[in-house]
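Hi,

Here is the structure I promised to pass on. Have a look at it first, and then read on for what turned up.

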Amino acid sequence: MQKIYSKIESIVGNVITVRASGVKNGELGLVSYKGGQSMANVIKLDDDVVSLQVFSGAQGISTGDQVRFLGVPMQVSYSDNLLGRVFDGTGSPRDNGPAMKTNLIEIGGPAVNPAKRIIPRNMIRTGLPMIDLFNTLVESQKLPIFSVSGEPYNELLARIAIQAEVDLIILGGMGLKYDDYLFFRDTLEESGAMSRTIMFIHTASDPTVECLLVPDMALAVAERFALDGKKVLVLLTDMTNFADAMKEMAITMDQVPSNRGYPGDLYSSLASRYEKAVDFEGAGSVTILGVTTMPGDDVTHPVPDNTGYITEGQYYLKGGRIEPFGSLSRLKQQVNAHTRDDHRALMDGMIKLYASYKESLEKRSMGFMMTEWDEKLLKYGDLFERKMMDLSVNIPLEAALDLGWEILADCFDPADTGLRTDLIRARWPKAIE
Amino acid sequence: MAKSMGRVKGVNGNMVTVEFDSAIAKNEVGFIQVGDERLKGEVIRIRGNEAALQVFEMTGGVAVGDQVEFTSEMLSVELGPGLLQQIYDGLQNPLPELAAQCGFFLQRGVYLKPIPDNEWQFTPVAKKGDVLSAGDTFATVIEGLFTHQIMVPFDLVDGPWTVASIKKAGTYHVRDTICSVQNERGVKHDLSMVFTWPVKQAIKLYEERLRPTETLVTKIRTIDTFLPVAKGGTYCTPGPFGAGKTVLQHLTSRNADVDIVIIAACGERAGEVVEVLKEFPELIDPRTGRSLMERTIIICNTSSMPVASREASVYTAVTIAEYYRQMGLDILLLADSTSRWAQAMREMSGRLEEIPGEEAFPAYLESRIAEFYERAGKVRLKDGRTGSVTIGGTVSPAGGNFEEPVTQATLKVVGAFHGLSRERSDARKYPAIDPLTSWSKYSGVIDAKRVEEARSIVFAANEINQMMKVVGEEGTSVADYVTYQKGELVDAFYLQQNSFDPVDASVPVERQRYIFDRLYEMLQANLRFEEKSEVRAFFYQLRQNFLDWNNTAFLDDEFKAIEAKITDLIATKERRVG
């Protein structure tokens with residue numbers, strides 16, 4: 001029988017302290033108060049003063065309420081029964097289903113030994129040409145989607161969740177608007193993808209501490225499924241909210257802020273989550289796509305900036321499209337040599353032409369005369385944006401490559417494209433004079 | 001001195017407060033007993049009978065009252081034959097062996113022997129009765145490419161030591177006693193091939209430090225010619241993410257003209273280290289014809305590994321570098337990234353509740369960075385040979401802005417600055433070292449006066465380019481336009497280098513001298529043009545030829561053919577004198 005402590009010494013923000021002995025760092029406590037019960041975890045020990053952060057927030061907790069220590073760290077249940085279910089940041093059901101209490105695993109486990117990692121080798125097909133063709137997503141990659149509030153990043157994630165060729169989707173929502181949560185749930189249910197999805201959702205109205213737990217919960221479960229041979233894709237939205245939750249906690253704990261109020265360990269905290277992406281030799285893999293909204297569209301803001309140093313490239317979502325400039329999958333070179341012989345050449349060629357189209361656009365807006373070449377580019381740019389960049393396009397890579405050739409042939413003569421002659425001979429969809 | 005014991009009084013992240021019973025030293029190592037795990041930590045502050053222990057592992061499960069055992073030893077590394085080719089974490093734990101024992105994950109509290117239990121073919125150099133002091137060689141073994149000297153442990157300073165006995169030539173286990181020494185006071189030591197040395201203490205067993213005057217050839221043109229690095233010197237490579245810092249370091253680690261390369265992957269992506277781990281054993285070192293891995297040591301403490309051992313990892317790396325320097329070898333230490341190391345210091349400082357400096361970095365940030373880079377150097381050893389440690393560190397400034405504490409503190413103490421710019425990497429100009437802002441205080445492989453002239457053309461071209469943006473091409477004189485094109489040519493042909501091309505990826509000094517001479521002649525040539533379109537057409541053609549030239553093997557027929565084409569092309573526009 002565990003001892004019950006019934007004198008809370010201090011309540012600051014979401015952190016309470018009690019005097020207790022024999023408590024371990026990281027251990028869970030159960031706080032009973034008028035509003036019900038809440039879990040809390042030990043974040044600091046100072047002699048017999050134990051600091052706990054209360055998951056449901058410290059609102060309404062009185063100094064006379066009870067704390068009972070459970071002797072175990074934060075855990076999450078892991079089994080196939082999780083599929084199709086929705087949980088909150090503490091692992092309690094959000095969907096009126098049964099609570100999961102069996103087969104518990106610890107969250108925030110140790111890092112993978114770098115000596116056991118392998119060079120990434122498999123692409124993940126998403127059906128989105130802007131990803132598959134131009135910036136291929138690779139198994140075990142960690143990629144953020146840099147965006148600004150108002151952009152359809154959640155729509156994009158939902159599409160990827162539906163279309164991506166993986167065994168399992170784990171969605172971690174942090175600070176989601178309730179509408180967005182419902183959107184995810186309904187969209188995935190309608191498409192039938194819910195049966196291969198597990199959701200850990202923290203909405204904007206839920207307590208901040210739960211937000212901090214979401215990535216760890218999602219990634220701990222993902223890691224376990226990967227060890228069991230599953231190809232897991234973890235979608236996290238929005239990591240900026242996660243960073244802001246960390247900021248809030250750090251300030252509550254009187255930590256000295258380093259940059260715009262964020263704690264000094266922002267980089268390490270983000271990295272330890274993103275680095276959970278891994279390809280286990282002989283088993284499955286974890287791939288991470290996370291949304292990072294950039295306050296004020298500023299990429300030098302601490303959250304996108306630190307993220308950029310951690311991840312293997314980034315997708316820029318701007319104006320409802322994945323921007324070809326600035327977006328980069330650092331690992332695409334590992335896989336796009338083995339897809340189809342024209343993949344790399346077409347990828348480079350089409351982007352170069354699209355860049356020229358942008359120049360022509362600029363010239364036109366400044367009132368310059370449009371040459372015949374400019375007209376070709378303008379037609380090309382329009383087709384490219386409608387047929388390739390639109391987020392609703394869902395075609396396999398091969399079809400996207402064929403479509404690419406069609407667009408080129410619609411707009412240009414073979415020699416205009418700058419592509420290799422042998423490729424043009426083999427792939428040009430029209431007769432070549 | 002009896003070992004001190006203690007008990008845990010408080011836990012805050014990876015800082016544990018310990019109440020101890022008898023004397024302990026700063027930087028002494030202690031182990032916390034948590035269940036059946038022992039967690040390693042280092043004493044970083046002592047107040048009264050309470051010590052702050054920086055723990056190198058995650059501290060989940062640590063409770064007040066847990067036993068702490070101090071070792072009365074400072075945080076140290078093992079030194080001896082068998083270090084080469086190893087992959088260590090920041091505390092010198094061999095990662096492949098750890099993987100064999102613990103599987104996919106880094107299990108905490110498992111510390112393996114850093115030096116593998118091998119046998120070595122041992123050749124004594126000293127004989128019974130010889131008088132030695134700390135750092136003197138008493139035997140050698142052959143470790144791959146090198147003659148590894150077995151030295152009297154560096155901490156045996158109460159010498160001189162007389163050899164009481166030494167084993168005959170033969171094969172011995174690395175931890176066997178192979179030699180016994182005794183000093184005048186009768187103190188005796190049994191020596192094996194392995195000893196330890198505290199990582200935060202520089203090894204100073206040399207006659208004198210020399211000025212770093214010899215160029216360290218990296219086979220990267222823009223570095224060797226314009227922004228050279230010297231053996232025994234220091235340099236830093238700051239740049240925003242995606243500018244190619246790590247790629248540049250990997251290229252350097254492959255091609256650098258040194259004996260041993262130590263890569264300290266400090267707080268960066270694990271995937272990048274994996275590339276090195278998997279590629280290096282396959283790559284052939286052109287200098288030796290052997291696998292590159294044979295001259296490489298990797299210290300790997302990636303971003304998701306515990307922060308405190310990240311702090312230790314750069315010291316581990318530099319200590320191993322200094323050890324090999326004592327054998328008269330040239331070592332290059334590449335640290336990626338020193339910002340992550342500085343951040344580790346910041347985290348710890350925050351937990352110690354120290355008064356923060358700029359951006360919450362501790363006030364001692366600058367002195368720590370200076371201390372670290374000052375461990376580089378070229379030295380003359382007691383036997384007259386020289387050895388060197390060169391340190392190159394990347395810096396990851398927040399937001400790509402160099403006006404931040406780590407970059408600024410680093411710039412104060414390094415001899416060369418290779419600043420990478422977002423503009424150049426966006427324009428796919430690699431290496432993205434900015435020729436306008438970077439500098440070096442070392443001498444390169446080409447006559448400094450000529451390099452300065454070439455550089456001044458790059459500067460002039462940049463100014464003209466800025467002006468052209470305002471006044472347009474129309475408002476620029478032909479002469480200025482020619483200068484601008486010359487500058488662009490230097491950039492495209494000489495400063496940029498294609499690391500994917502088998503020829504262009506590494507350019508030996510001889511070739512650099514040869515092609516720089518041609519380029520220099522071109523820059524000096526007195527060219528005559530009527531109008532700008534003519535200038536543009538000429539330089540486009542010239543640039544194409546020069547670029548093709550970069551992809552041909554040195555002095556083969558095609559190389560000479562292109563050279564002739566360039567000479568002819570220039571002659572068509574050259575103003576005859578007289």
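Before the helix pairs, one convention: an axis here is a line fitted to C-alpha atoms, for helices over the stretch in contact, and the angle between two axes runs from 0 to 180 degrees between N-to-C directions. Also keep in mind that this is a predicted model.

**Helix pairs in chain A**

Let's begin with helix H10 (residues 372-389) and helix H11 (residues 397-411) of chain A, which pack at an angle of about 155° with their axes 9 Å apart. Angles over 145 degrees count as roughly antiparallel, and H10(A) and H11(A) are therefore roughly antiparallel to each other. The crossing of H10(A) past H11(A) is right-handed. If you want to click through the contact, the H10(A) side consists of A:Lys376, A:Lys379, A:Tyr380, A:Leu383, A:Phe384, A:Lys387 and A:Met388. Facing them from H11(A) are A:Ala400, A:Leu403, A:Gly404, A:Ile407, A:Leu408, A:Asp410 and A:Cys411. By class, the contact of H10(A) with H11(A) has nine nonpolar residues, one polar and four charged.

Another pair in chain A is helix H5 (residues 239-252) with helix H6 (residues 266-274), packed at about 135° with axes 11 Å apart. That angle makes H5(A) oblique to H6(A). H5(A) also passes H6(A) in a right-handed crossing. From H5(A), the residues in the contact are A:Met239, A:Phe242, A:Ala243 and A:Met246, and from H6(A) they are A:Leu266, A:Ser269, A:Leu270, A:Arg273 and A:Tyr274. Sorted by class, the contact of H5(A) with H6(A) comes to seven nonpolar, one polar and one charged.

**A helix pair in chain B**

Over in chain B, look at helix H10 (residues 448-471) and helix H12 (residues 509-524), whose axes come within 11 Å and cross at roughly 55°. H10(B) is therefore oblique to H12(B), and their crossing is left-handed. In the contact, H10(B) brings B:Arg450, B:Val451, B:Glu453, B:Ala454 and B:Ile457, while H12(B) brings B:Phe516, B:Asp517, B:Tyr520, B:Leu523 and B:Gln524. The contact of H10(B) with H12(B) divides into six nonpolar residues, one polar and three charged.

**Where the chains meet**

Now for the interface. Here 56 residues of chain B touch 48 residues of chain A. Chain B and chain A bury about 4,300 Å² between them, and 58% of that is on carbon and sulfur atoms. How many salt bridges cross the interface of chain B and chain A? The rule finds two. A:Asp47 and B:Lys9 form a salt bridge through their side chains, at 3.3 Å from N to O.

**Around the E5-E6 loop of chain A**

Most residues other than glycine have a negative phi. A:Asp47 sits in the loop between E5 and E6 of chain A. In the loop between strand E5 (36-46) and strand E6 (49-54) you will also find A:Asp48. The side chain of A:Asp48 meets that of A:Arg19 in a salt bridge, 2.9 Å from N to O. This pair links distant parts of the chain, with A:Arg19 in strand E3 (residues 15-19) and the two residues 29 apart. Over all chains, the structure holds 59 salt bridges.

**Cis peptide bonds**

Two spots in the backbone are worth a check by eye. In chain A, a cis peptide bond joins A:Thr237 and A:Asp238, with omega about 5°. A:Asp238 is in the loop between strand E16 (231-237) and H5 of chain A. In chain B, the bond from B:Asp336 to B:Ser337 is cis as well, with omega near 10°. B:Ser337 lies in the loop between strand E24 (330-336) and helix H6 (338-351) of chain B.

Cheers

Technical notes:
Residues are numbered from 1 along each chain as its sequence is written. Chains are lettered from A and ligands numbered from 1 in the order in which they are written. This is a predicted model: local features need pLDDT of at least 70, side-chain atom pairs count only at pLDDT 80 or more; totals for chains, interfaces and linings use all residues. Side-chain values use heavy atoms; hydrogens and water are left out. Helices (H or I, at least four residues) and strands (E, at least two) are DSSP runs, numbered from the N terminus. Angles under 35 degrees count as roughly parallel, over 145 as roughly antiparallel, 65 to 115 as roughly perpendicular and the rest as oblique. A crossing is left-handed if the near helix is turned anticlockwise from the far one by less than a right angle, and right-handed if clockwise. Contact means heavy atoms within 4.5 Å. Ala, Val, Leu, Ile, Met, Phe, Trp, Tyr, Cys and Pro count as nonpolar, Asp, Glu, Lys and Arg as charged, and the others, Gly among them, as polar. Buried area is the accessible area (1.4 Å probe) that two parts lose on being put together, summed over both. A salt bridge is a side-chain nitrogen of Lys or Arg within 4 Å of a carboxyl oxygen of Asp or Glu.
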